[in-house]
Amino acid sequence: MENSFVKGGEKNNNHQPPLSDAQSLSSSHSHEHQASIKYLNKYQNSIENKEAFWQEQASQLQWSKPFTQVSDVSFDKNDLHIRWFADGELNVCVNCVDRHLAERADQPAIVWEGDNPDHSISLTYKQLHEEICKLANALESLGVTAGDRVILYMPMVPEAAFAMLACARIGAIHSAVFGGFSSAALADRINNCEAKLIITADLGLRGTKSIPLKASVDEALTLAEGHSVDKVLVVKQPHGSGTPAWNDKVDLWYHDCVDNQSTEHTPPTFDAEHPLFILYTSGSTGKPKGLQHSSGGYLCYAQTTFKEVFDYRDGEVFWCTADIGWITGHTYLIYGPLAAGATTIMYEGVPNFPTLARFGEVIDKHNVNIFYTAPTTIRMLMADANTALSGSQRTSLRILGTVGEPISPDVWQWYYDDFGLQQAQVVDTWWQTETGGHLIVPIPDSGPVKPGAAQRPFYGIEPQLVDSNGDILEGETSGHLVILDSWPGQARTIWGDHQRFIDTYFSTYEGMYFSGDGARRDEDGDYWITGRVDDVLNVSGHRLGTAEIESAALTYSDIAEAAVVGYPHDVKGQGIYIFVVAKTGVESAETLTDSVRSKIRQALGPIATPDHIQWSPDLPKTRSGKIMRRILRKIASNDFAELGDTSTLADPSVVDKLISGRKDLN
Ligand code: WTA
């Protein structure tokens, strides 16, 4: 399929109303850049007959008890509730596995590609079913029951998929924690969700690096005083250390618990609103929040968006490179593809092991038709394109997805032209942990594509741009991105803190979901996401709150103040820049840089390691003591030309000191 695309900055003179005014677009204008009539009609119908649209999508799941009410939703902050298909009952695991057995028992469900290019395993739906049943039986025998929380701190191995689905099968709520998070971050999550059980592995493998996951769990349990974890189930990796430190009262080898279990398990059914999982993500303030997702609505949304956005065709092979520690790894590595009966690839390693040619090689090896990755990875491949493109043909590719951060037009173009050989359509998918699945994306055949733009709302989704008063802006404009009405895949609450959920997402602009992102809408009504408008960084597609990094730095006893900002980074998208002020009396603070860096790393994990640490005698503050981050962002970005108005600073001379400190660091 060929993309007809429109260049990013190109302007045209015909003013077009915003896409939400689909009627006038489709009926009265004929325009080379407008969305296809087919898409517009379906979109318009999904908005006008929203309940019927979602009823139809949900009917493509297998319900043990059909629902009679489609939605029961209020975005009013005084009565916030979000319920979909609420009186229906289903089992998520049955929908992802059992119901495919009649027709697809011998079709590969998960193809696992090891870190080592010689290691791969193909698991059919039948084999996947058996493995999940064994683990479900094992978990039940360990006393895990519906509603219990199970933390998954796992490498990208098949057992991670078994664990998610076995939890879903017995109604336990899984909470995956990315293996790159530190033991301290893990301890916070263990305590916050009051986990009963942890599933981990002795080691994780990424390229040539081994990650001592089990040892981190041990540390986390020491840190998480008064925790409620009974057991830790440990997957033994073939390349493992053999004998990690062991506590007989708590630790169990996964294979010892699972191997002798029956391969049959009778699945109970659960309410559509039964929590399926909790996933922690960073916000602009406080500790990470555990977004709680539902069973019926989430799965309906995962399945629908998977099929539509990737134009999935029966028998195709799909590869999402995300780690299961992130929402993308939940919705588009496990739940979406398996609900749709697809073959999903799970890759253990990293893009550049043994070389940067690996992704292309894996695509050829498994005949991948649909490939889904992040701009940070594409930039990494692009930086050494000769290697990245060598040794593979990639002719099986039909659709290329991107997610996690804005993709710049040149990176988009390389992905389309060079990686996808101009044969695969690019879909830039905008969404969030909170949204459960794609919200804005140019689905295949929805009209011309614009490199760098997420463009069009998915069916049933009503985006808008608002100004700082919450007034809806019309036409070609920029503003804060909000969603006016609910969709089935949306998170239901923050675990244990419903008020924080309301305050964070539904109180800034009344009656609307506030995404925290800014966007521009162009003359064709297409959306261009510009990035976070709050104090959240996006580092290699990973969300990190500046406040979290600052508090980690402040635990260092020699530091009086810290301020974290992002700056443009060639590969990561945003790099982490921290300005620190030493306490009075601390001498040669610069020599402490490395230990501050390792302190932050220890507190949060390698992904939060600052790229630059700048010591400064002071921070730029207003007279009321508020740090002017705008100035810090400019300085971190080496952009000293337009610092804006600095006259309101309590001490304007601080700026020159910061600039000369920045120059010294270069
Ligand atoms: C950003 C990842 C531009 C955005 C699924 C959002 C994007 C945050 C895109 C959510 C995209 C995600 N274009 N920006 N296609 N996709 N983002 O929760 O800032 O890890 O708010 O979910 O990533 O990150 P999260």
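This report describes the overall build of a predicted protein model and then some of its local features.

## Basis of the model

Because the model is predicted, local features are given only where pLDDT is at least 70 and side-chain atom pairs only at pLDDT 80 or more, while totals for chains, interfaces and linings use all residues. Residues are numbered from 1 along each chain as its sequence is written, and side-chain values use heavy atoms, with hydrogens and water left out.

## Overall build

The protein chain contains 21 helices and 30 strands, where helices (H or I, at least four residues) and strands (E, at least two) are DSSP runs numbered from the N terminus. Its C-alpha trace spans about 75 × 70 × 60 Å along the principal axes.

Of the 666 residues, 61% count as buried, meaning under 20% relative accessible area, with exposed meaning over 50% and partly exposed in between (1.4 Å probe, protein chains only). Among contacts in the protein chain with a separation of 6 or more, 71% come from residues 24 or more positions apart, a contact being heavy atoms within 4.5 Å. The accessible surface comes to about 24400 Å², of which carbon and sulfur atoms hold 47%; such areas come from the Shrake-Rupley method with a 1.4 Å probe, and for residues only the protein chains shown count as cover.

## Annotated regions

The unreviewed UniProt entry annotates residues 39-96 as "domain: Acetyl-coenzyme A synthetase N-terminal", and this span is 41% helix and 17% strand, with its end C-alpha atoms 28 Å apart. The UniProt annotation "domain: AMP-binding enzyme C-terminal", also from an unreviewed entry, covers residues 548-626; here the chain is 24% helix and 32% strand, and the end C-alpha atoms lie 18 Å apart. UniProt positions are given in the numbering used here, feature names are shortened, and annotations may be inferred rather than shown by experiment.

## Backbone details

Most residues other than glycine have a negative phi, and most peptide bonds are trans. Phe85, in the loop between β2 (81-84) and β3 (89-90), has a positive phi of about 55° and is buried at 0% relative accessibility. Ser540, in the loop between β26 (536-539) and β27 (542-545), has a phi near 50°, and with a relative accessible area of 22% Ser540 is partly exposed.

A cis peptide bond, with omega about -5°, joins Phe353 and Pro354, and Pro354 sits in the loop between β17 (343-347) and α13 (358-366).

## Buried packing

Ile461, in the loop between β20 (425-429) and β21 (463-466), counts as buried at 0% relative accessibility. Apart from its neighbours within four places in sequence, Ile461 is in contact with Tyr43, Ile47, Tyr301, Leu439, Ile483 and Trp487.

Helix α18 (residues 546-554) has Thr546, Glu548, Ile549, Glu550, Ala552 and Ala553 as its buried residues. These buried residues of α18 pack against the strands β26, β27, β28 (559-569) and β29 (573-582), and against the helices α19 (593-604) and α20 (629-636).
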